Amino acid sequence: MTLSDNAQRPASSVSSFTSADFFPVEAEAASQKRRASAEAPLLAAARGDKPSRRPVWMMRQAGRSLPEYRELRKDVAMLDACFKDDLLAEITLQPVRRHDADAAILFSDIVVPLKAAGIDLDIVPGRGPVVANPVRTLEAVREMPELHREQLAPIAQGISHVLEELRDDQVLIGFAGAPFTVASYLVEGGPSKNHEVTKSLMYSEPETWHALMRALTPTIVRFLQTQLEAGVDAIQLFDSWAGYLTARDYREFVAPYSAAIFDAVRPYGVPMIHFGVGTGELLGDMAVAGPDVMGVDWRVPMDSAAARIRAALDHHRPQAAPADKITALQGNLDPAVLFAGDAMIKKEVRRIAAEADSAIDRGLAKGHIFNLGHGVLPNTDPDSITRAFEEVHLS
């Protein structure tokens with residue numbers, strides 16, 4: 001089965017999805033599988049309550065920085081690990097045990113739902129996701145396979161293993177790549193420094209672009225639904241490459257699809273986080289798409305980011321209650337600081353915590369989840385990560 005019905009909708013129906021495009025919402029059943037306490041620090045911070053300690057986790061906290069990860073993965077391909085329930089659970093849990101993280105993030109990759117659906121791709125060491133047959137025509141979009149629930153069964157099973165080990169004050173975050181970032185890999189055929197093929201298609205063949213985005217959006221929703229119904233406590237939508245776009249292009253070609261994803265996931269009642277790299281100029285537009293928490297990379301001070309977000313939400317929701325005009329913040333330590341020694345880690349953690357607290361005190365943000373402004377770098381000393389977590393918990 002293909003996604004032809006979705007792909008053939010007129011370009012004008014940018015975000016007109018129906019319930020038939022997604023799995024049925026099983027919000028009540030999903031809530032029964034979640035086992036984190038409502039007072040878990042990350043959940044408290046996300047809704048704007050005072051947490052028992054400042055919550056912290058780090059993007060890419062599971063992975064190459066940990067010797068136990070390298071040992072476990074030495075004979076296993078990346079995508080194979082993502083589909084082995086016991087392996088993905090163990091990798092997900094490794095940094096939580098080592099660093100006393102307030103959240104585990106599911107070990108996976110943004111191309112996993114594409115692979116599960118049957119698209120011919122692989123993650124090549126040293127390069128990243130490589131697609132055998134790039135998607136650059138309307139016909140290719142219409143031939144993309146549909147994702148089915150049973151194709152994600154190993155991931156759901158892996159989530160159940162993770163939940164068995166986490167404390168009730170620790171949460172499990174599920175995630176997916178946003179449509180623009182996933183589309184970039186499909187169109188380019190692999191990683192790109194400039195995304196020129198992707199943006200060229202977007203500009204010159206808007207009908208094909210919107211068809212591709214309409215095809216990807218239900219796939220991403222279904223991937224998130226599977227994680228939610230397996231029991232994850234929060235989700236993060238990564239738009240890693242959105243920072244390559246102008247605000248105007250983001251609003252026209254990307255935002256409606258990310259908004260459709262948040263709308264589809266909202267009934268599950270979990271915190272929804274949005275993050276992209278180099279997106280300082282897009283923070284307001286990304287917040288308008290509908291997340292509860294905005295991730296901020298290291299380039300923008302937290303209080304400045306909060307002001308940009310508040311201004312955008314004020315403009316977009318002029319009649320809304322004040323609480324609906326702010327989000328919680330996540331971020332935003334420069335990953336390179338973890339190489340700079342304990343004194344610098346302490347200084348930067350305290351600075352970022354103070355900026356976030358200032359934004360909260362001024363009514364510009366609800367709460368703060370400490371994180372990096374991107375992912376843990378491969379050669380990071382894991383002991384530096386542990387010390388950073390300890391410092392955050394003291395802040």
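Buried here means under 20% relative accessible area, with exposed set at over 50% and partly exposed in between (1.4 Å probe, protein chains only). The model is predicted, so to speak of local features takes pLDDT of at least 70, and side-chain atom pairs count only at pLDDT 80 or more, while totals for chains, interfaces and linings use all residues. Residues are numbered from 1 along each chain as its sequence is written, and side-chain values use heavy atoms, leaving out hydrogens and water.

On to the rings. Phe238 makes the buried list, with a relative accessible area of 12%, and Phe175 counts as buried at 8% relative accessibility. These two form an edge-to-face aromatic pair, 5.4 Å centre to centre with 80° between the planes (Phe, Tyr and six-membered Trp rings pair with centres within 6.5 Å; planes under 30 degrees apart are stacked, over 60 edge-to-face, the rest tilted). Phe175 sits in strand E4 (residues 171-177) and Phe238 in strand E5 (residues 234-238), so the pair ties together parts 63 residues apart in sequence. Helices (H or I, at least four residues) and strands (E, at least two) are DSSP runs, numbered from the N terminus. Ring pairs also bring in Phe275, making a cluster with Phe175 and Phe238.

Then there is helix H10 (residues 179-188): ten of its ten residues are buried, so the helix is largely enclosed by the rest of the structure. Among them are Phe180, Tyr185 and Glu188. Just past H10, Gly189 adopts a positive phi of about 90°.
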